[in-house]
Every structure is written in structure tokens, then in C-alpha cells.
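Please open the model in your viewer and keep the sequence panel at hand.

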Amino acid sequence: MVDGTVDTQELWPQLLQVVKDRMRFAWILLSQNASVLFYDGTTLTLNMFSLGAYDTLISSDCHIVLDEVLAELVNPPPAVELLVQGKIPSPPDLPSPEGSAHVHAPGDASATDTSLEPDEPLSSILHRILAQTAFLLYEDGNIQAAALLTDVEDLEHFPSDRPEEGEDVALIVPLYLVGRFTREVLAAIQPLFVHVAARHDLLVNNVSAIPALPETGDEWRQNLQEKLINKTPPSQDPGLDGKEAVATLSRDGFAFDSREQLLVYEALKRAQAQLPRDSTIAVFPLPRGRVGNGSAWGPDFLVTASGRVGAIEIDDPHRHEHFAADAALDRSWRSSGIAHIERILLKGFSADREVDAVVRQFLTRLREHH
């Protein structure tokens, strides 16, 4: 701890470093949205670049962290005064900024100015916030949450009756993915989403995940009755035409035949994202090829790693009568240059970590294959 004579050039970098170790979200908020206007040993005046950032600071635990770190670094701790764009905020509305100067951090004249054109649709703003949140999660090492955000189909906002409370935002995802947005995942997504939204002058209070509504039509009763009579599994519905199947089970331009294939694809994407670029993997979903015995082959996945090619086949646990034929096919594929073939059963798998473990095991065996 130091006395109150420490100057601004010393205090602000020290404060940000300690805040970063204590609470990463508070560090992001302060380092990217605030600058020091004045410090005399008794009062620290911070300028917030937007009203949204100011609201986020005072309505979250970030201001508590700020007070605690100041108490640790300075004796006695200075009082904190907050300004917005160089002015004292007057909730709920800030005076018109016309004619007033925007204050930016040194050397960052425009990077923190993320204000949008007033006529830009809110849906466009929300999708930009979603994209920036996903990239921040990725850069922070939260691969699982970042990958889940790539599967968000749309966003809905629910304005509050009290503007100061902010809006609730719902992430629209396929039904089978809703359960993966666990409390822990949403706890990682929400503070960053709130922060990015504040950078765009949008106050968000809560983020949730809800299922996308299925496409229906005038004949929905007949279609549903046929499914009920035939007991058709939702993820493998033979009644779906090509366009409906692609819309239901597609990612990144690839169309999948089953939910299990989609689970493995997402797990391979997560594994790919965690590897350095100079030793990563390539993933080829549902390729078609001709192997050495002259037969056509369509594996679920081909994967290249460390100069080797491996294949993943997702097996049906009830197809015991095909095991001998599968073994013969495997021998033919290996003779055609496929280094390692992994047949996996995903019956009952629901958690990402279970599928991730299977994929890690496959990649380990592929790299170690001789």
C-alpha cells in the first residue's frame, strides 16, 4: 500500500493490473471504457465513454472491486467521481452531447467509440453484439461458450417497463442445444454480453437461451399425426424433405443426417479451436469417396492430423448383425490409406464433455498410430 501522494501515471496502471487479477470483466470495462481525468490524492475522477458503460459499472460488482482495489493500493483511499463524456450524468437521460467533446483514452481516439447509426435496426445491433461476445469468449479461452454462440439462430429482446433496469435478451437456439446453455455457461456469457451491449449504448439486464420455434404450415395437424403414428424420431424424420432436413441439422454449410453426427462435429470444432495453427486438424464431414476395393464409401468424418488420415463412424448400437461386415470394410479402408478408424456409440451421450472425451481419444490414437 502506498500513501495518497502517488500520481496518476503510477496509480492507473497499478489499479488496472490488480483489477484484472481480481475480476476480468471489471478490468475489461475499466480499461476499454474509462480514463482518468483528475487525481489529487483525495479524489479520483474517471470519465466513462458512454452512459451504457457507466450504468454497467454502477449496477454490477465492478464498482465494488474498484473500491476494494483502491483501498489496497492507496492509504487513505480516494473518493471516486464518475463522469460520462466529461459531464456529470443526470439519469435517466444524459444531456445532448451536441457541442461537447468526447474524451478518449490516450492513443485510442476511435476504438472505444462503438455508437451506431440511430436508424440501424435493433436486430442488427444485437447480432453484432452476439458476434463480438463470441470472439471475446474465444480470446478469453472459453471455447465451449464461444462455440455455442455460433449456433445461435436469432435473438429476441424483451424491453423492461423500467428503462433503468435494462432489457432481457434471449438467444434462440435449436431445441436440443438449449440444455447445453447451463447456468455455468450463461454465467460466462452474460457479463461479456452485457459489457459489449453497453459499448453500443444498450443496457441489457439478463441473457437466456430459449428454443427456436418449429416451422409449421396449414397442414401441421396431419403432418404431426403422421409422425405420432409412425413414431418417427425427431432427429431422423424420413418425412422431412431436403430443405427441412438441412434447416434442422446443418452447421457451417454442412448438412447432417443425425443429431449424433452434429454432436461429433461440434466436438471436433472445439478440439480444432484449441490447437495451435501449426499443428491443428482438418475436418471433412460426410465425404464421399472410392476406396481400393472399388466400392464407394461415405464415412461420417474424415480427419487429418499430424500427416495422418483417420475416420470416425458413428454406429447404431442395435446393428449387431453388421459388425462382421464393418470389420471387413475397415480392413479395406486401412489398405486404402486410412490410418485409424474409430467406430463410436453415442447412445445416451448428452454432455459436451462426454463427446469431447471420445474425440480426444480418437485424435490421440490417430497421432500415435504406426
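Begin by selecting W220, L224 and L228, which form a nonpolar patch on the surface. Together these three residues present about 310 Å² of accessible area. The model is a predicted one.

Next, display helix α2 (residues 24-33) together with helix α8 (residues 183-199). The two helices pack with their axes 10 Å apart, at an angle of about 15°. Angles under 35 degrees count as roughly parallel, so α2 is roughly parallel to α8. The crossing of α2 and α8 is right-handed.

The remaining stops concern the backbone. Most peptide bonds are trans, and most residues other than glycine have a negative phi.

Select N75 and P76: the peptide bond from N75 to P76 is cis, with omega near -5°. P76 sits in the loop between β4 (74-75) and β5 (79-84).

Proceed to D201, in the loop that lies between α8 and β8 (204-211). Phi of this non-glycine residue, D201, is positive, near 60°. With a relative accessible area of 46%, D201 is partly exposed.

Finally, select L286, in the loop between β11 (282-285) and β12 (289-290). What is the phi of L286? The value for L286 is near 50°, again positive in a residue other than glycine. L286 has 26% relative accessibility and therefore counts as partly exposed.

Definitions and conventions: Residues are numbered from 1 along each chain as its sequence is written. This is a predicted model: local features need pLDDT of at least 70, side-chain atom pairs count only at pLDDT 80 or more; totals for chains, interfaces and linings use all residues. Side-chain values use heavy atoms; hydrogens and water are left out. Patches are made of residues with over 30% relative accessible area and no salt bridge: like charges are joined within 9 Å, nonpolar side chains (Val, Leu, Ile, Met, Phe, Trp, Tyr) within 5 Å. Accessible areas come from the Shrake-Rupley method with a 1.4 Å probe; for residues, only the protein chains shown count as cover. A salt bridge is a side-chain nitrogen of Lys or Arg within 4 Å of a carboxyl oxygen of Asp or Glu. Axes are lines fitted to C-alpha atoms, for helices over the stretch in contact, and angles run from 0 to 180 degrees between N-to-C directions. Helices (H or I, at least four residues) and strands (E, at least two) are DSSP runs, numbered from the N terminus. Angles under 35 degrees count as roughly parallel, over 145 as roughly antiparallel, 65 to 115 as roughly perpendicular and the rest as oblique. A crossing is left-handed if the near helix is turned anticlockwise from the far one by less than a right angle, and right-handed if clockwise. Buried means under 20% relative accessible area, exposed over 50%, partly exposed in between (1.4 Å probe, protein chains only).
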